[in-house]
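Please keep the sequence and the model in view while reading.

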Amino acid sequence: MNEPNEKDSVFLEKRRQLLKLGAAGVPMLLTMKASAAQPLHSALDCAITIPSGMCIMVGSDGAAWISTRYNYDGSKLTNGKVKQFKSASEYVLPAGSVPARYRPDGNCPTDPCSSSGGSSGDDDEGGHWGHHSQQESGFAALFDRLTLTRTAQADDTLYASDWGHSGGEGDDSDDGSSGCPTSGGDDDDNHDSYSSNHWGSSDDNHDDDEGGSSGSNDTSSCDYKIYCFDSSTQFQPGTFIDANGNWNLSGDLGLYTIVAAKYGEYYGTYNNFPGVSCMLSIMTYLNNQ
Amino acid sequence: MRRLEDYGRRAVRQALRRGTLVLHLGPFAMQLKADSRALLAFLLSMYGACHATLEAGVLADFSLHVRAPNMIRRFVRRQITPDPGFYFPTVPLPRPMAPLALEMGMNLAVALQCFRFAIYHAGVVADERGAIAISAFSGGGKSTLTAALMEEGFRLLSDEFAIMGLDEPGLYPYPRPVSLKNASVEIVRAFAGAEEMSTTLTGTPKGDIGYRRARPHELEMMHEPAMPKLLLFPQFSLDAEPRAEKVEPGDAVMRFIAGSPNYHALGEAAFGSLMAFADSVAAYDLHYGNTADSIALVKDLWREHGS
Amino acid sequence: MAAGPNRKTWRWRANPRHYRCHVLGDVTFVYNHLSGDTHMLNLVSIALLNLMAERTFTLDELAAAFPAHMDVSADECPPGVVWRLFDELDEVGLVERSGGA
């Protein structure tokens, strides 16, 4: 392979495009974490440590923004705060990534829109995540012959069938009757210089000053919900797996498990999302049982 | 060294029970212990031409005990499980599936205990021009393509592992039987011949499983590494139009390394050999809907890159 | 994710003796002797690593120097992006603090 010619215009354009991706939070450096880094035989025992202060903001469309730099105080969520959170987010997952039960409920009552503030535990339905057609990773397939009994596990993995799609588990999108602002920040303030400069690419800067009748520059946002982990939290995702190899995910830790797995789906094990190696090792194991 | 089939069945059975049977295959000596008729029959059929020793005290790289998961399962609803000498969360198998436990255990032992080579999950075949590594997701068609290429003048290095040298990218043979599932069993039986195939294990949760035996000349050449020239990522899907798409070398490496159980443990030596490997191969995604198309695609690529 | 405390006066560098690079197309694989990890860097992150191998920088100096090194305008490469890139290199131990303030 030849060294890229740094004077080449194509080369420069590639770098420009990559810079834009970098501004959007896409990792510019991937670390290869081969299986031996996390011994396979402890796949089900591995633990995830969620960094202190990590918050996950979930949109009504199932998109998610993850940040450890945003100091969420648990107060009413406003469009300005949403915008700030997006700017400060280190990881972003697209629409459809988070199941409906973790999304804001779409209703926007007269009282301030709710936000969980970190202990919602809003899910006790023990969601059985259905089937998917995800292919096994390379190393996963190595143990194809480890396959007998517990057939369901070969097909039931963490990935829900509706991941990556907006359909599936229900539609939380606004129905127009909620009275909620449907989109768009009407704020043009609250951008501290760090957030806006550091992260760049907020996509909702509509900046209209007329939104809402509250008289405030920063109206409530009902399209987002924030989950925070106040202190460093360690847990074993394997405890969410029942005897049949199905995932029963609930509460904030369930959400974190989903997000970590989803990030792994997008970027493989070559990223720095906390816990992604653990998630992938578990899924690799389950894929081959 | 004598071949396994050169010993009498009784001697092999006794050595297997004692745990002194050692298969000498490629770079590895694998000590086996089991008390299973199904496993004994499978060994003699599929590994008969392999070099083997039966006496005690032979140095082995790995030790594998195929046994009941506990005392109860020795007698009641008898089960069997591979024990490679370290804990691994395997699911016990019905006893008639001992051959599967053997193959699984041999994979585990090499994948998780070998540190003399960098191990990657891939099938490998070679001819005098060089080697083709075939890396695939489960169901992608790796083993079927590997078996098919054996009929096209390539020798089998391995169906399961690309065994790469440290600091150099040569691929080392480990010619064990090719593992086939479901429809692939009959496809390969049709072109390889029924006499080259194992008894098919039916009723497994993943369907039918059968093995295609490594051939004598492949065992004779089991100490001759081959230099890699082509890295393929086959993706079989029914009725797919055949096409080959070049894969960027960086992407190819990322995918390939995802199938390594020991790359990280080997440090810079594995890095060096992997980078040399990446420099020496052209990488392609192969899309196809039947074996004939896959062979045609590989032949075209081999004309271009196998020199 | 920020890898730890970071003062504006601290100076940072990359030490090429601690890693080994191999270019494959548009990406560069980097083996870190200190961690034993292999990293894949794209055209942007390897550019930052190479720049930091030339001399030491404070983070402000780095943010000021990197756009020119990349041959792009400062608007295209704002300080926040540079710092995030730096964080990624720092996180995996490819850069190190150099001396005192």
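In which sense do S7(B) and strand S11 of chain B pair, and over how many bridges? The model under discussion is predicted. In this model, S7(B) and S11(B), the latter covering residues 161-164, pair in the antiparallel sense over four bridges.

**The sheet in chain B**

- Three strands of chain B form an open sheet, in the order S7-S11-S12, and their pairing is antiparallel.
- Strand S7 (118-121) and strand S12 (171-172) of chain B are the edge strands, each of which pairs on one side only.
- Within the pairing of S7(B) with S11(B), His121(B) stands opposite Phe161(B) of S11(B).

- Strand S1 of chain A, residues 29-32, pairs with S4(C) in the antiparallel sense, and four bridges join the two strands.
- One residue pair can be named here: Thr31(A) has His39(C), in S4(C), as its bridge partner.

**The contact between chains C and A**

- Chain C contributes 30 residues to the contact, and chain A contributes 26 residues.
- On the side of chain C that touches chain A, the elements giving two or more residues are strand S2 (19-24), strand S4 (38-41), helix H1 (43-54) and helix H3 (79-91) of chain C.
- H3(C) gives the most to this side of chain C, with nine residues.
- The residues on this side of chain C comprise 17 nonpolar, six polar and seven charged.

Note on methods:
Residues are numbered from 1 along each chain as its sequence is written. Chains are lettered from A and ligands numbered from 1 in the order in which they are written. This is a predicted model: local features need pLDDT of at least 70, side-chain atom pairs count only at pLDDT 80 or more; totals for chains, interfaces and linings use all residues. Two residues are in contact if their C-beta atoms, placed from the backbone, lie within 7 Å. Ala, Val, Leu, Ile, Met, Phe, Trp, Tyr, Cys and Pro count as nonpolar, Asp, Glu, Lys and Arg as charged, and the others, Gly among them, as polar. Two strands pair if DSSP finds at least two bridges between them.
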